[in-house]
Amino acid sequence: MGVLQNQLERYKKLFHISEKLHSTMNADLLLGELFVILKEVYPNYSYILLLSHDTHCHNDLPIIEIDYDSDNFAVVTAYTTGINQFEYSSDEQHAILYAPLKGRQGIYGVLQIIVPDSITFPDEEIEFITLFTNCAGSALENARLYQQNHQVISNLKLLNDTSQRLNSNSRLAEKMSYVSDQIKASFEAEEVGFFLVSDDQTTVKILPGTTRYFFSKQARIYLDYIKKKFLLDPEPLFIGDVNLHKIVDFKNFHSVMAIPVFQNEILRGFSIVMHHKPYFFSFEAFKLLQSLIQHSSLALTNTLLREELSRLVITDHLTKLHSRKFLDEKIQQSMKEDDEGTFILVDLDNFKKVNDSFGHQIGDEVLVQVAILIKSGIRKNDIGARWGGEELAIYLPGVSLEKGVSIAERLVVMVNETSTPHVTVSCGVSYWHQDYPDTYQALFKRADEALYFAKETGKNKVVTQADYNKEAG
């Protein structure tokens with residue numbers, strides 16, 4: 001009766017153990033609980049859990065990954081057959097049991113239990129441990145399936161959210177920054193880069209959203225290496241420990257995932273995700289990144305085309321200056337937002353004579369020369385535009401009349417000294433300030449009147465609205 005009661009108590013304990021192990025869907029917590037139970041049931045035994053696939057960190061637990069090339073034949077046999085294996089050592093006076101953790105869909109590891117001061121394993125302990133490991137295997141399987149399903153849902157959400165953002169009307173820089181942030185968060189990546197390859201396959205352009213490292217000289221080694229790989233073989237790259245001898249940076253990046261984007265069998269671009277630790281990214285992460293880039297590539301291509309069309313619409317095809325429409329919009333916006341601004345109308349003197357003497361092609365080249373001088377002499381947020389015909393324009397938001405006149409005078413001198421064939425320009429300058437009521441039409445009219453006065457009084461000069469008013473008065 002005592003033996004039966006003892007067995008009953010053990011199976012009640014096993015039932016409670018099963019409830020405990022199946023109460024969590026977190027694999028890390030489950031493994032921790034497994035060792036707590038082992039210490040309670042077998043305080044004098046020692047044990048190691050060998051898992052078939054483990055990407056988690058268990059610094060305080062005796063868990064290692066199964067080495068399939070190991071000389072420990074008993075571990076491999078227990079894992080591959082699902083049958084308990086035993087080892088006995090008469091010299092060291094201990095017995096070892098290798099019990100597989102079995103679930104319905106597979107075997108997830110092997111529990112190694114060492115019994116000290118014994119060369120045999122009691123049958124009742126073997127039965128109990130077998131039931132215990134089967135219970136643990138089933139719980140671990142459920143937890144991993146749950147986490148896999150949770151990861152699938154998370155991955156689908158990532159793809160869906162990214163696709164929605166990429167297909168929105170936001171600008172390319174905003175879209176790429178969003179994708180970059182998603183990749184860094186989802187893959188714990190240290191560096192993320194997006195790149196366009198030129199039509200002749202020689203140069204690589206860095207796209208918005210790319211992390212700062214890729215703008216360094218050191219990163220060029222990775223870019224050249226990966227571009228060369230893709231030109232030879234179009235397959236995505238999953239490198240656990242890249243070894244580039246040219247890299248002398250204190251922080252080499254060993255884990256690299258790179259996905260190419262091809263169009264009509266021509267390499268158009270690629271994405272790179274990197275981490276300094278070797279074998280940091282899982283193969284599942286690699287497959288997800290491929291899906292993400294494939295979802296992104298069409299939307300990004302469409303965005304690039306839209307932005308290129310937009311650029312063409314606001315850019316004069318000959319001079320590469322902005323269009324008049326773009327200039328009009330920017331001046332009107334500036335008059336609402338800024339404190340002041342200067343507007344300069346520029347006209348090529350005797351331009352008809354240039355066309356008649358040298359031909360329209362040379363006339364176009366002269367226009368381009370002046371346009372280049374305009375672009376080189378203004379800031380990034382200033383606007384150079386083709387006003388129409390041989391008339392060009394400059395708008396300087398937030399710039400005083402005095403500074404605007406100085407820029408116009410410098411342009412007059414540069415054109416006079418460098419143009420080939422030689423031409424000169426005349427400039428009419430107008431100015432507005434928020435303290436005085438003004439309109440865009442009035443600003444243009446004052447500049448036009450000043451330009452007309454410059455043309456009528458000798459050309460190759462700058463006339464301001466104040467100069468014109470003084471003379472006209």
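Where is the place of Pro421? Pro421 is found in the loop between helix 11 (401-418) and strand 14, helices (H or I, at least four residues) and strands (E, at least two) being DSSP runs numbered from the N terminus. The model is predicted, so that local features need pLDDT of at least 70 and side-chain atom pairs count only at pLDDT 80 or more, while totals for chains, interfaces and linings use all residues. Residues are numbered from 1 along each chain as its sequence is written, and side-chain values use heavy atoms, with hydrogens and water left out.

The peptide bond that leads from Thr420 into Pro421 is cis, with omega near -5°. Most peptide bonds are trans, and most residues other than glycine have a negative phi. Glu188, in the loop between helix 5 (172-187) and strand 6 (191-197), has a positive phi near 55°. Tyr279, in the loop between strand 10 (266-275) and helix 7, likewise has a positive phi near 55°. Glu188 is exposed at a relative accessible area of 54%, and Tyr279 is exposed at 64%, where exposed means over 50% relative accessible area, buried under 20% and partly exposed in between (1.4 Å probe, protein chains only).

Helix 2 (residues 27-41) has 15 residues and reaches 21 Å from its first C-alpha to its last, close to the 21 Å expected at 1.5 Å a residue, the expected span being 1.5 Å times one less than the number of residues. Its buried residues are Ala27, Leu30, Leu31, Leu34, Phe35, Ile37, Leu38 and Val41. Seen down the axis of helix 2, these buried residues fall within an arc of 160°, so they line one face of the helix; the arc is that of the directions from the helix axis to the C-beta atoms. On the face turned away from the buried side of helix 2 are the exposed residues Leu29 and Lys39.

The structure holds 17 aromatic pairs, in which rings of Phe, Tyr and Trp (its six-membered ring) have their centres within 6.5 Å, with planes under 30 degrees apart counted as stacked, over 60 as edge-to-face and the rest as tilted. Tyr42 and Phe128 form an edge-to-face pair, 6.4 Å centre to centre with 75° between the planes. This pair links distant parts of the chain, 86 residues apart, with Tyr42 in the loop between helix 2 and strand 1 (46-51) and Phe128 in helix 4 (residues 123-166). Tyr42 is buried at 6% relative accessible area, and Phe128 is buried at 5%. One aromatic cluster is formed by Phe195, Tyr213, Phe214, Tyr222, Phe230, Phe253 and Phe270.

Helix 8 (residues 324-337) has 14 residues that should span 20 Å at 1.5 Å a residue, and its end C-alpha atoms are 20 Å apart, which agrees. Phe326, Leu327, Asp328, Ile331, Ser334 and Met335 are buried in helix 8, and the buried residues of this helix pack against strand 11 (340-348), strand 12 (383-388), strand 13 (391-397), strand 14 (425-433) and helix 12 (440-456), with contact meaning heavy atoms within 4.5 Å. Arg324 lies over the face of Trp387, at 3.8 Å from the ring centre, and the charged end of Arg324 also sits over the ring of Phe444, 5.7 Å from its centre; a charge sits over a ring if NZ of Lys or CZ of Arg is within 6 Å of the ring centre and within 35 degrees of the ring normal.
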